[in-house]
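Welcome! Take a look at the sequence and the model, then read on.

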Amino acid sequence: MSTDLWTYRPAAEMVGREFDLIGVQGRLEDPSVRLITLTGPGGVGKSRLAAEAAAGVAELFPGGIHSVDLPACLDLESVLENIDKTVRDITERTVLLLDGIEHIAGGLAVPLARHLADTPLLTVLATGQEILRISGECVLPVPPLPPPGELLEADVADVQDNPAVQLFVRRGRQANPAFALTPENVGAVVDICNLLEGVPLVLELAARRLRLYPPQELLGWLRRGGDRHLPGPVDVPERQRSTLAIAEWSCRGLSAPQRSLLAQLALFQGGVTLPTAEKVSPLGAAETTVALETMLDRGLLTLEEQPRADSRLTMPRTVRAYGLALLDEAGEERTLAARQAHARHYRRLLPALEGRFHGSEQQRWLRVAVAEHDNVLAALRHLEDEDGTGTGMYEGHEKGRGEGGGGRVRPERAAALLERAGLVTACLQPWLVRGELKEGLRWFDATGQALKGAEWGERAEDEDWLRARARLYCGAGVLAAALGDHDGAAHRHRRAVALYKRLRDPQAAALPSARLGHALFRCGERPEGRALLSASLTALDAHGDTAGSAEAAAALAEVLLASGETRQARALLERVGRVQRQNGAVRDLARTVHLGARLYLCEGDDDSARVALRESIGLYESIGERTELPAVLEMFALLILQRAGRPQPAARLLAAAGALRSRTGAGVERERADRLRAAVDELRRRLGGAVFATAWAEGLRLRPEAMAAEALGAAEPGRAEDSGESVALTPRQLQVALLVADGMTNRQIAQHLDIAEWTVVNHVRNVMRKLGCTSRVQVAWAVGRSR
């Protein structure tokens, strides 16, 4: 057997590809599979995986393993000549490894198909960002290593088995033997792995920089674009020696117009929808379609489905960095035009969606807007540069004055300021849903100050100018209230009301007046706040503003409830709930139902309170809400602790809610904070230090999207596991359940029991079904009690 396996195989072990390796080797072992193509974006490790897989089954191929370095060949003719030499004398089963078929797949396909037809003992293992499209081709996608994802509280034990983290840590130790994953640096390591999207080669190149930077400083350097030119080892193929080389090789062969579109799409962070890509494309419609299909075929773009939202075209970070470099190379004028097109799209999109954030399709459009958060911020920063105000909101600098001094700005700069104000105010609901309270408040305040500073002459009484300022103050007041700064909220709402009075618009002033009344009540000025709320509600009803009236009525119901007037509060909440259900106002309805749960608890109706809280949590989950979710989770946790005697789920939910509050900055009332502290003290006493610490840590590690599911899945009292009834688990299911309780992952359980991982998954599902559990932690509780 001869082996001509040139492909780069470093001495360091391959990490996180164990199951991928088994899958490739399984196909190679099958004589009926003659052509296998590993495909995926640059840097994911296709070449290394192919080489390892071929070497692992070498004994099955007495004819040998032969490889052709396609990128090293001068042209297609030399590639075909090398293949002909290898295939010519095959008399025994042989593997031909073709590494890097991208860019020549079209010319290679037909000759290779002929060789496969004429040589039954030949098996071809190819790698590339494109596929060959030959009949019988077995395509195996090689994705990046899964990164740990967003974690509110990263924990070493929780992420140390993540493949991306494992690879980064191992390569980091090779670069700096003193490096280790610790509680102090785990958050930075998680952020690095998420930022670099789990691409193995980029993770390895970044880990080499740990010789120079500690993880937190490395994260900052990478966020500033330092990974654009990460250098790599010199003993690897040239196309893998830096992140820039990876991207240049991936984009080789694109036409100039296609590169222009790639550069435009690189401005989008977190992906772009297909309609948006078509709108901002500098190419014609037909050219854009061809270009997008080409980029999709080569892995330069990926179409990702989004739950309850439009699919998005996403670009690997390495390719995106290359696209931005192309934009810079195109010159200042081209760069400015591309950024203007990007900002112009969002300047139009968000204000157009604003009216839909309150209608029957609220869930869909809020999710659309929330998904565009990073792009909206990029558009705002561009508009800030364009209007010339220089707010310096991220650096603490003083606000600039524009060209004319004394706040004077040219008309085109004034128009840019108004456009920025329109985009900022349209972001209010998405920022509330996403929990971007502090950043949102900075934008509202800074933009309001910019408008005020540029107000002079006729503009001082311009209706559009005054109305824009009023809306900014009103939105800033809402965000301040969400942060728990009710004094600040009252101050901002008071300014909004004053501006609407200058405009002689009592209808527009009614809702900020209601919000001012609510803020005053929260500040302790109860009689004044209640009186203003009542008057504002009457005005909103008179003007026929059903949505504003419902908001004011709900706020008044909260005031009545705090004053012990439950009968009047019930009447208002029933009225508000009917209107909001009819209008499809999901977020407002969730808040109203939450208030209803408080009412039920005041009346001692625990069952109705539990039903209401579950509905509220479900409504918030349907829009991905984060600002108000903690308050509902906390109330639900207190309920299941005090009424249902469920200390462990309560501890988890309180920890999760606290972590989410810390992330968003959402405020908590003093009385509620005192109750929560007392509940935590009680939990610590009831559970004991070790059990409480474990449950609390598990709650801190819950991802935001999992918190609602955890609460909705909390077992009701009286279920089998609570009452001590036996559950018929098979011996193997019990064995798996006990290993789950020990904290093992599915992969670890599979290795421990020497069974397939998918078998473990099925066992865990059946265990959860039989025990009535919705999470692995609940399984641990259940078998813990049975043990």
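C251 counts as buried, because its relative accessibility is 0%. C523, in turn, is partly exposed, with a relative accessible area of 28%. The structure holds 0 disulfides. Please keep in mind that this is a predicted model.

**The chain as a whole**

- The chain has 787 residues, and buried residues make up 54% of them.
- Its secondary structure comes to 38 helices and 9 strands.
- Take the contacts between residues at least 6 apart in sequence: 72% of them join residues at least 24 apart.

**Confidence in the model**

- Mean pLDDT for the chain is 85, and 90% of the residues reach 70 or more.
- Over residues 391–407 the pLDDT stays under 50, and the model has 42 contacts beyond four places in sequence for this stretch.
- Residues 715–727 also have a pLDDT below 50, with 25 contacts in the model beyond near neighbours in sequence.

**The nonpolar cores**

- Which residues touch the most other members of the largest nonpolar core? They are L262, L265 and L350, in a core of 110 residues.
- Helix α29 (residues 629–642) supplies the largest share of this core, with 10 residues.
- Beyond residues up to four places away in sequence, L265 touches V272, A277, V280, L292, L301 and M315.
- There is also a second, separate core of 32 residues, with V165, V169, A206 and W221 among its members.

**Helix α6 and its surroundings**

- Helix α6 covers residues 163–175, 13 residues in total. From its first C-alpha to its last it reaches 18 Å, close to the 18 Å expected at 1.5 Å a residue.
- At the start of α6, a side-chain oxygen of N162 comes to within 3.1 Å of the backbone nitrogen of A164.
- The buried residues in α6 are P163, A164, V165, L167, F168, V169, R171, G172 and A175.
- What do these buried residues pack against? Their partners are α5 (156–159), α7 (186–195), α8 (200–208) and α9 (215–223).
- As background, an α-helix has 3.6 residues a turn, so residues three or four places apart point the same way.

- Helix α16 (residues 362–371) is mostly covered, with 7 of its 10 residues buried. Those residues are Q362, W365, L366, R367, V368, A369 and V370.
- Helix α23 (residues 506–522) has 17 residues and spans 24 Å from first C-alpha to last, close to the 24 Å expected at 1.5 Å a residue.
- Why is α23 described as largely enclosed by the rest of the structure? The reason is that 13 of its 17 residues are buried.
- Just after α23 comes G524, which takes a positive phi of about 105 degrees.

**A buried residue in a strand: L96**

- L96 sits in strand β4 (residues 94–99). With a relative accessible area of 1%, L96 is buried.
- L96 and V68 are 28 residues apart along the chain, yet their C-alpha atoms are separated by 7.7 Å.
- Leaving aside neighbours within four places in sequence, the contacts of L96 are H66, V68, I83, T86, V87, L122, T123, V124 and L125.

**A buried residue in a helix: Q580**

- Q580 belongs to helix α26 (residues 566–583). Is Q580 buried or exposed? Q580 counts as buried, because its relative accessibility is 4%.
- Not counting residues up to four places away in sequence, Q580 touches A550, A585, D588, L589 and T592.

**Two loop residues with positive phi**

- Most residues other than glycine have a negative phi.
- H103 has a phi near 80 degrees, a positive value in a residue other than glycine. You will find H103 in the loop between β4 and α4 (105–118). H103 is partly exposed, with a relative accessible area of 25%.
- R133 has a phi near 65 degrees, again a positive value in a residue other than glycine. R133 is placed in the loop between β5 (122–128) and β6 (137–141). R133 counts as exposed, because its relative accessibility is 54%.

Key
Residues are numbered from 1 along each chain as its sequence is written. Side-chain values use heavy atoms; hydrogens and water are left out. A nonpolar core is a set of buried Ala, Val, Leu, Ile, Met, Phe, Trp, Tyr and Cys residues joined through side-chain atoms within 4.5 Å. Buried means under 20% relative accessible area, exposed over 50%, partly exposed in between (1.4 Å probe, protein chains only). Helices (H or I, at least four residues) and strands (E, at least two) are DSSP runs, numbered from the N terminus. Contact means heavy atoms within 4.5 Å. pLDDT is the predictor's confidence in each residue, from 0 to 100. A disulfide is a pair of cysteine sulfur atoms within 2.5 Å. The expected span of a helix is 1.5 Å times one less than its number of residues. A polar contact is a pair of N or O atoms within 3.5 Å; within protein, one must be able to donate a hydrogen and the other to accept it, and residues adjacent in sequence count only if both atoms are side-chain atoms.
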